[in-house]
Amino acid sequence: MPELTDHERLRTAVHEATTAALREAEIHLPDDVKAALRAAYAAEDNPVARSELEAIFENIKTAEERNVPICQDTGVPVIYITIPPDVPFTDAITEGVQDGVRQATTEIPLRPNVVSPFTRENTGDNCGMGMPAVHITPGETFTLTVLPKGAGSENVSALKMFLPSETGKIAQFITEMVLHAGGKPCPPVILGIGIGSTADGATALAKEALLRPLGEMNILEQEIYDAVNALGIGPMGLGGKTTCLGVRIREGGCHTASLPVALNVQCWAARRATVEVNYP
Ligand code: SF4
């Protein structure tokens, strides 16, 4: 058998990492999200909310036992890759991601969700026109993270360009957006918030904020978390204390005349997984 070229070796390594990360993310919810759901259940006294959370626990257990996706909407593939200086930054990386997404679509399987925006023609393999969405940054290790994103929560995301003096209005804006969304994003949700950068940069920061595991929150994150949970929307929008499992903010430098604020909403099926790319 002929030896693989450098391009083929890199493409294969990224391919295998993509499929492995998608398999992990689609079937197993991260431990921090499971812990947040359990803590929410312990604090809930609304019987409908408790029964909705029980249905979610049953769903998570069934997915793991049967090795099947957590939700029928397996999302669109959003991929974050860090590459160290000794890895060549070539087309082999994006080609490998596409190979991995195609294999995952067939084998896990994933629902083919990617369509043309106007004709709605489905590519059938979750690839095509900018999909998978791949974000590459320099790093110390060669790692690949997947964040499959369902439409129910993505559809209630928002962007507002505030005046620079309006930082005090950010919490109210986010809370209003969550109230408007109601049960549509399959709560309890996690809120990724991008503050600063440019209009497009803030939306990217908001999604990247969702990569940070749940845990301790800063003052503004806590303020938003408390305000959103006071809305009473509850699990799946049927009422209760648990509307939000956590808030994650990511900041970026912005123009002195701008204050972009973006919200990326994540449903309870907060799928993400990171793997090391086995290369060279
Ligand atoms: S919003 Fe999330 S839980 Fe609801 S259908 Fe979409 S992927 Fe599934």
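1. Basis. The model is predicted, so local features need pLDDT of at least 70 and side-chain atom pairs count only at pLDDT 80 or more, while totals for chains, interfaces and linings use all residues. Residues are numbered from 1 along each chain as its sequence is written, and side-chain values use heavy atoms, with hydrogens and water left out.

2. Overall form. The protein has eight helices and eight strands. Helices (H or I, at least four residues) and strands (E, at least two) are DSSP runs, numbered from the N terminus. The radius of gyration is 19 Å, which agrees with the value near 19 Å for a compact globule of 280 residues. That radius is taken over C-alpha atoms, and the globule rule is 2.2 Å times the number of residues to the power 0.38. The C-alpha trace spans about 65 × 50 × 40 Å along its principal axes.

3. Of the 280 residues, 48% count as buried. Buried means under 20% relative accessible area, exposed over 50%, and partly exposed in between (1.4 Å probe, protein chains only). Among contacts (heavy atoms within 4.5 Å) with a separation of 6 or more, 82% join residues 24 or more positions apart.

4. Two strands pair if DSSP finds at least two bridges between them. Strand 5 (189–196) and strand 7 (259–266) pair in the antiparallel sense over six bridges. Leu191 stands opposite Val265 of strand 7.

5. Helices on the sheet. Buried residues in helix 7 include Gly201, Leu205 and Lys207. The buried residues of helix 7 pack against strand 1 and helix 5 (151–154), as well as strands 4, 5, 6 and 7.

6. Nonpolar cores. A core is a set of buried Ala, Val, Leu, Ile, Met, Phe, Trp, Tyr and Cys residues joined through side-chain atoms within 4.5 Å. The largest has 27 residues; Leu10, Val14, Ile81, Phe142, Leu144, Val146 and Val277 touch the most other members. Helix 1 (6–27) is among the elements that each supply at least two residues. Helix 1 gives the most, with eight. Beyond neighbours within four places in sequence, Val14 contacts Ile93, Gly96, Val97, Phe142, Leu144 and Val277. A second, separate core of 23 residues includes Val156, Ala171, Val228 and Leu263.

7. Cis peptide bonds. The bond from Met131 to Pro132 is cis, with omega near -5 degrees. Pro132 sits in the loop between helix 4 and strand 2 (133–138). The bond from Pro187 to Pro188 is cis, with omega near 10 degrees. Pro188 lies in the loop between helix 6 and strand 5.

8. Positive phi. Arg120, not a glycine, has a positive phi of about 60 degrees. Arg120 is exposed, with a relative accessible area of 54%. Cys186, in the loop between helix 6 and strand 5, has phi near 55 degrees. Cys186 counts as partly exposed, at 29% relative accessibility.
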